[in-house]
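Dear colleague,

Please find below the structure that I am handing over to you. My notes on what was found in it follow directly after.

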Amino acid sequence: MSMKQCTAVLSVFYILYLLRATIALQVQSSAQPTADRRLKVGVYYETLCPDSRTFIRNSLYDAMIINDWLKYTELQLVPYGKVTSWTDPTTNITTLYCQHGRSECELNALHACIVEHNNVNDQMKLIRCLLTGHATSLDECAKNLVIDVSAVKECKSTRSTPDILKKYGEMTDALDISFVPSVTFDDKFDRWRQRYFIYNFPVIFCREYNNKFNITLPQC
Ligand SMILES: *[C@@H]1O[C@H](CO)[C@@H](O)[C@H](O)[C@H]1NC(C)=O
Ligand SMILES: *[C@@H]1O[C@H](CO)[C@@H](O)[C@H](O)[C@H]1NC(C)=O
């Protein structure tokens, strides 16, 4: 159950996925998806975990933005992961201990503020930008993407980190995750197949969508 699994492993599955995605682009699709039919997808991650970072900025971003599946998705990003918390009974002040240290808690909170104050399309773009370059260059990302982040900055500067992260901690604790990133479809958490989900995300997404709505999405 150790979270030391939080290391970057670019497996052969990922390479197969890239090949498959390339082939899929060349296949004609006759699907007639309806944009009001959305599959719920939850992504539980840590901002300094290499596996999480790779998954979001590559597989998830490609699926949601490049493949344009975001409009068929009710995406919930949950930046929290494996965190221990302690509340001092004499002061009621909560301290969080994130897997990769204090800076990860701060960065998780920044992502949480982004999730709270931006539409999901802008969330994906800002968060991918943060995970790709310098981890805290919010201003630079916002400028390049032309996204207003004043509410994000106010959220981050006026609220305590435990307060910002409380909701995401509760969502994460409810699943009792043992591995990050973890993905849920339609709020279902399949504990034993997370690696398979992560490394085959587009294929699994297509299958889950089809299982639910009997529709094959474009690019599937
Ligand atoms: C801590 O919180 C509990 C429950 O909300 C409350 O009963 C208690 O008075 C608080 N203690 C302090 C020191 O604020
Ligand atoms: C799924 O869609 C196909 C083709 O549109 C249709 O023939 C089939 O009956 C549908 N299945 C269900 C279970 O609705």
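**Strand β5 and the sheet**

In β5, Ser182 and Thr184 point to one side while Val183 and Phe185 point to the other, and all of them are buried. In general, the side chains of a regular strand alternate between the two faces of the sheet. Please keep in mind throughout that this is a predicted model.

β5 belongs to an open sheet of 3 strands, arranged in the order β2-β1-β5 with mixed pairing. Its edge strands are β2 and β5 (182-185), each of which pairs on one side only. On average, neighbouring strands of this sheet are turned by 15° against each other, direction ignored. Helix α7 (residues 161-175) packs on the sheet and touches β1, β2 and β5; the direction of α7 makes about 100° with that of β2.

The two pairings can be described in turn. Strand β1 (residues 39-45) runs parallel to β2, and 7 bridges join them. Within this pairing, Val41 has Leu75 of β2 as its bridge partner, and Val43 stands opposite Leu77 in β2. Towards β5, the pairing of β1 is antiparallel and extends over 4 bridges; here Gly42 stands opposite Thr184. β1 is mostly covered, with 6 of its 7 residues buried. Together, β1, α2 and β2 make a right-handed β-α-β unit.

**The nonpolar core**

Which residues have the most contacts inside the largest nonpolar core? They are Val43, Ile56, Leu60, Met64, Cys113 and Ile127, and the core itself has 58 residues. Helix α3 gives the most to this core, with 8 residues.

**Helix α4**

Helix α4 comprises 13 residues (residues 120-132). At 1.5 Å a residue, α4 should span 18 Å, and its end C-alpha atoms are 18 Å apart, which agrees. Its buried residues are Gln123, Met124, Lys125, Leu126, Ile127, Arg128, Cys129, Leu130 and Leu131. Among these, Ile127 is also one of the residues with the most contacts inside the largest nonpolar core. The cover over the buried residues of α4 includes α2 (50-66), β2 (73-79), α3 (102-117) and α5 (138-145).

**Two individual residues**

His100 lies in the loop between β4 (94-98) and α3.

Ser150 is located in helix α6 (residues 150-158). Ser150 is exposed, because 9 other C-beta atoms lie within 10 Å, and a residue counts as exposed at 12 or fewer. Ser150 and Asp139 are 11 residues apart in sequence, and the distance between their C-alpha atoms is 9.6 Å.

**The chain as a whole**

The secondary structure of the protein chain comes to 9 helices and 5 strands. From the N terminus on, the elements run α-β-α-β-β-β-α-α-α-α-α-β-α-α. The protein chain has 220 residues, of which 40% count as buried. Among contacts between residues at least 6 apart in sequence, 74% join residues at least 24 apart.

With kind regards

Definitions and conventions:
Residues are numbered from 1 along each chain as its sequence is written. Chains are lettered from A and ligands numbered from 1 in the order in which they are written. This is a predicted model: local features need pLDDT of at least 70, side-chain atom pairs count only at pLDDT 80 or more; totals for chains, interfaces and linings use all residues. Helices (H or I, at least four residues) and strands (E, at least two) are DSSP runs, numbered from the N terminus. The expected span of a helix is 1.5 Å times one less than its number of residues. A residue is buried if 20 or more other C-beta atoms lie within 10 Å of its own, exposed if 12 or fewer, and partly exposed in between; C-beta atoms are placed from the backbone. Two residues are in contact if their C-beta atoms, placed from the backbone, lie within 7 Å. Two strands pair if DSSP finds at least two bridges between them. Axes are lines fitted to C-alpha atoms, for helices over the stretch in contact, and angles run from 0 to 180 degrees between N-to-C directions. A crossover is right-handed if, with the strands pointing away from the viewer, the path from the first strand over the helix to the second runs clockwise. A nonpolar core is a set of buried Ala, Val, Leu, Ile, Met, Phe, Trp, Tyr and Cys residues joined through C-beta atoms within 7 Å.
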